[in-house]
Amino acid sequence: MGEVLAVVREAPRQYARIARLWVRSSLAYRASFVMLTLASLLLTFLDFVGLALMLHLIGDLDGFALWEIALLYGASGIGIGVADLLIGSVEQIGQHIRSGTLDAMMVRPVPLIVQVCADRFAIRRLGRITQAVAVFAWAAWSVDWTPSKVVVALLMVVSASAIFFALFVTFSCIQFWTQDASEFANAFTYGGNTMTQYPLSIFPSEVLKSLTFVIPVAFANWYPCLYLLDREDPFGMPEWFAVAPPFVAALMCVVAVLAWRTGVRRYTSTGS
Amino acid sequence: MLYVAIATRGFRRYSTYRAATLAGIFTNCVFGVIYSYAYLALWEQRPDAGGYDATDAVTYVWIGQALLMTVALWGGGTTDDLAERIRTGDVAIDLYRPVGLVPWYLAADLGRAAYHFLTRGLAPTVVGFFVFDIVLPGSATATLAFLVSLVLAVVTSFAIRFLVASSAFWLLDQSGVKMLSGLAAMFLSGMVLPLVIFPEPLRSIAFALPWASYLQTPADIWLGKRVGLDLLAGLGLQGLWIVLLVAVCQVVVSAATRKVVVQGG
C-alpha cells in the first residue's frame, strides 16, 4: 500500500517534468505555436458562433435561450478542454504501439500512463479552455445563484473533466486491440462534447437514456445545468441527478483504469 | 498514364488501413445523427429556413459527413507528406523529378479522394438513407453534375492544402497554418452551419469564396436547388477558383524552388 501511495505521489511531478520538455519543444517553431494557440481558441469558438447564428434565426432552441445553451456549452467545453490538455495524448497510444516507442516507455521508471498522457503535452490547448471559460462566465452572469447552486456548479466542472478524462482513456484502450482505430474514440469524446452542447431535449428519449445509463456523458453538464437553470427535467428524470456527477465520474474512472490495465496486460509488443 | 499510376498508388495506400476506415465511418455516422437532430429541431421551428425543408436539411447533414474526408476538409491527404518532405529536405528529390510538383501530388490526392469517397462517403450516405430518409438526387443530370462538382471540390481543396503545405518552405512547420486553414474551411464551407442560413452579408461573401465549393455547392446540386443556368454558374465559379489557386500554387513552387537551391548551397 505504501508503495502504491508513493507512486501516486510522485506521478504529478514526473508528469510536470515531461510536460515542461514538450512546452519547450513546441516553442521551437514559434510561428506555428502562435498560430496553433490562436486556432485552438477559435476552433471551438466557431462551434459557438454556429449555435449563435442558429439562435439568431429561431430565437430559442426547444425553449432554451442562447445564454442557457451557452451554459451547457461552456460546462461541456471546460470539461473536455481540461481532459484534453492533461491526457488528450492518450489518443496516440496506437502510434506508440505501432512504432514500438511503447516498449521504450515500459522500461522507464515512470508509470506508463503518466508517460503516455504527458507525451506531446500541448500548452496551446489552454486556448480552448479559455474560450469555454469565457462563454461559461458570460452565461453564469444570468444564472440566479444560490449557495447550493454554486456547489452544484463546482462539482459539475470538476466531474465533467473527470468524465471526459475517463472517456478518453477508456476508448483509447481499444487501440491495444486495433492500432489504427483511433478515430473510433472520437465518436465518444468529441461526439459526447458536441451532443452536450445542445439541450438534450432535442434528441429522442432513447438517445437521452443511453447518454444517462450507458455512456453517462449527460452528467457532465445536462443534469446539473437543469438545476442551475431552475428547469424541470423534460424527460422526468429525478432531481438528485444534479448532484450525481461526482459519483458517475468516479465510476467511469474506475472503468477507465480497468480498461487500461486489461489493455496493458494484453500488450505483447509488435515483435518486429 | 503516369498520373493514373500515381493515383492508383494513392488509392491503394489509403485502403491499407481497414480498421481506421471502419472507425471513421462509425464516427461520421455518430456526428450525422447528432447534427440531424439539431437541424430537425431548428427546421421544426423555422420550416423554410434558407429555402430548405427539414428533409433537405437532414440530407445536407449526411452529404456533409460523406464529403468531410473526401475533400479532406480538415487538411491532411497527400499534402501532409509534402509538408513533411519540405521540413526534412527530401523535397529536393521531388523537384529533380521530370514531373511537376503540383500534378504529382494532385494525382496522388485524387487517388486518396476516390478511396475516401467510396468508403467514408458512400457508407454514411447509406446509413442516412435508411435511418433518416434522406433524398437522393432527382435526376441523372443532377447526379452527374454532383460528381463533377465533387471532383472540382477536391481539386480546390487540394490547391489550398498545397499552398498550406508550401508555407513549410518558409516556416519549416506547416501545422499552425494548417489548423487555421482547416478552421476557415470548417466554417466557410458550411460544415458548421449551412451557408444558406447565414445572415446577409455573410451569406453572400461565403458563397463567393472558394470554400463554398467544398460542401455547399455540391450539396445544392444534389438537393436540386441549383438547376439550369444556376447550376452552370455554380460549376463555373468552382472552375474559376481552381484556375486561380493552381496558378498561385505554380508561382509559389517556382519561388520556393529558388529558395531550396539557395539552401542547398
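**Helix packing and aromatic pairs**

Helices H8(A) and H9(A) are roughly antiparallel to each other, a label applied to angles over 145 degrees, whereas angles under 35 degrees count as roughly parallel, 65 to 115 as roughly perpendicular and the rest as oblique. The model is predicted, with local features requiring pLDDT of at least 70 and side-chain atom pairs counted only at pLDDT 80 or more, while totals for chains, interfaces and linings use all residues. Residues are numbered from 1 along each chain as its sequence is written, chains are lettered from A and ligands numbered from 1 in the order in which they are written, and side-chain values use heavy atoms, with hydrogens and water left out.

Helix H8 (residues 147–172) of chain A packs against helix H9 (residues 182–195) of chain A at an angle of about 165°, the axes being 8 Å apart; axes are lines fitted to C-alpha atoms, for helices over the stretch in contact, and angles run from 0 to 180 degrees between N-to-C directions. In this contact (heavy atoms within 4.5 Å), Phe164(A), Leu167(A), Phe168(A), Phe171(A) and Ser172(A) of H8(A) meet Phe184(A), Ala185(A), Phe188(A), Thr189(A), Tyr190(A), Gly192(A) and Asn193(A) of H9(A).

Helix H2 (residues 30–58) of chain A and helix H7 (residues 126–140) of chain A pack at about 40°, with their axes 7 Å apart, and H2(A) is therefore oblique to H7(A). On the side of H2(A), the contact is made by Thr37(A), Ser40(A), Leu41(A), Thr44(A), Phe45(A) and Phe48(A), and on the side of H7(A) by Gly127(A), Arg128(A), Thr130(A), Gln131(A), Val135(A) and Trp138(A).

Over all chains, the structure holds 28 aromatic pairs, defined for rings of Phe, Tyr and Trp (its six-membered ring) with centres within 6.5 Å, where planes under 30 degrees apart count as stacked, over 60 as edge-to-face and the rest as tilted. The ring centres of Phe203(A) and Tyr37(B) are 5.8 Å apart and the planes lie at 80°, so this pair is edge-to-face. Because Phe203(A) lies in the loop between H9 and helix H10 (205–214) of chain A and Tyr37(B) in helix H2 (residues 18–45) of chain B, the pair joins two chains. Phe203(A), at 3% relative accessibility, counts as buried (under 20% relative accessible area, with exposed over 50% and partly exposed in between, for a 1.4 Å probe and protein chains only). For Phe219(A) and Phe241(A), the centres are 5.1 Å apart and the planes at 55°, so the pair is tilted. Phe219(A) is buried at 4% relative accessibility, and Phe241(A) is buried at 6%.

Terms used. Helices (H or I, at least four residues) and strands (E, at least two) are DSSP runs, numbered from the N terminus.
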